[in-house]
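Please keep the model open while you go through these points. They are meant to be checked one by one against the structure.

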Amino acid sequence: MRHLLLSALHWLDGLRGAAPSRKPQRLLFLQYQTAVGSAVHATPMFEAIKRAAPECHIAVACSGITYDVFRHNPHIDEVIMTRHAFRNFFGALKDFLWIRFNRPRYDVALTDYANGRTTIALQGLVAGVKRRVGFTLATEIYHEVLLHD
């Protein structure tokens with residue numbers, strides 16, 4: 001069953017191939033914390049990225065109360081409200097299919113959220129982002145898997 005699911009995911013992903021060598025211009029952060037404090041702790045990351053690469057476009061996909069935390073951050077260019085993947089998995093997948101076909105493509109999807117990591121990894125895949133970096137148990141979905149102590 002796992003092999004069948006992964007085959008379907010790779011078909012949806014298209015040709016996985018090597019990641020582009022150019023510098024990413026459009027970043028999509030998948031931020032689905034359930035506590036406001038976790039979202040607040042993620043905010044310095046956006047300022048650091050903008051300082052290192054001021055020309056990059058930073059988008060954050062989130063839901064619930066974290067939307068209000070991110071929408072007022074001056075270092076975030078775009079905040080996309082979606083349904084929460086843990087509470088409404090199929091609704092969130094529909095939202096990310098909409099992103100895939102109605103928004104400009106993102107170069108990289110990143111998540112710093114370790115809980116529910118495979119669910120969030122699927123969102124980046126469905127959104128059509130070719131390079132995905134973050135925490136996951138399904139290493140086949142991400143190009144770069146992050147580990148923590």
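**Notes on the model**

1. Start with Asp-77: it counts as partly exposed because its relative accessibility is 40%. Here buried means under 20% relative accessible area, exposed over 50%, and partly exposed in between, with a 1.4 Å probe and protein chains only. The model is predicted, so local features need pLDDT of at least 70 and side-chain atom pairs count only at pLDDT 80 or more, while totals for chains, interfaces and linings use all residues. Residues are numbered from 1 along each chain as its sequence is written, and side-chain values use heavy atoms, with hydrogens and water left out.

2. Asp-77 has a partner. Lys-50 forms a salt bridge with Asp-77, and the closest N and O atoms are 2.8 Å apart. This pair links distant parts of the chain, 27 residues apart: Lys-50 is in helix α2, and Asp-77 is in the loop between α3 (66-71) and β3 (78-81). Lys-50 is buried, at 14% relative accessible area. A salt bridge here is a side-chain nitrogen of Lys or Arg within 4 Å of a carboxyl oxygen of Asp or Glu. Helices (H or I, at least four residues) and strands (E, at least two) are DSSP runs, numbered from the N terminus.

3. How many salt bridges does a search of the whole structure find? The search finds five. Another of them joins Arg-103 and Glu-78, with the closest N and O atoms 1.5 Å apart. Arg-103 sits in the loop between α4 and β4 and Glu-78 in strand β3, so the pair ties together parts 25 residues apart in sequence. Arg-103 is partly exposed at 27%. Glu-78 is buried at 12%.

4. Look next at Arg-83 and Asp-95. They form a salt bridge, and the closest N and O atoms are 2.8 Å apart. Arg-83 lies in the loop between β3 and α4 and Asp-95 in helix α4, so this pair ties together parts 12 residues apart in sequence. Arg-83 is partly exposed, at 35% relative accessibility. Asp-95 is buried, at 14%.

5. Now the strands. Five of the six residues of β2 (residues 57-62) are buried, so this strand is largely enclosed by the rest of the structure. Strand β1 (residues 26-30) pairs with β2 in the parallel sense over five bridges. Two strands pair if DSSP finds at least two bridges between them. Leu-30 has Ala-61 in β2 as its bridge partner.

6. What joins β2 to β3? Four bridges do, and the two strands run parallel. Ala-59 has Glu-78 in β3 as its bridge partner. The chain crosses from β2 through α3 to β3, and this β-α-β crossover is right-handed. Right-handed means that, with the strands pointing away from the viewer, the path from the first strand over the helix to the second runs clockwise.

7. Is Asp-107 buried or exposed? Asp-107 is buried, with a relative accessible area of 13%. Its side chain reaches the backbone nitrogen of Gln-25 at 2.6 Å.

8. Last, Lys-130. This residue is in the loop between α5 (117-126) and β5 (131-134). Lys-130 is partly exposed at 36%. Lys-130 and Ala-109 are 21 residues apart in sequence and 8.1 Å apart in space, C-alpha to C-alpha.

Notes
A polar contact is a pair of N or O atoms within 3.5 Å; within protein, one must be able to donate a hydrogen and the other to accept it, and residues adjacent in sequence count only if both atoms are side-chain atoms.
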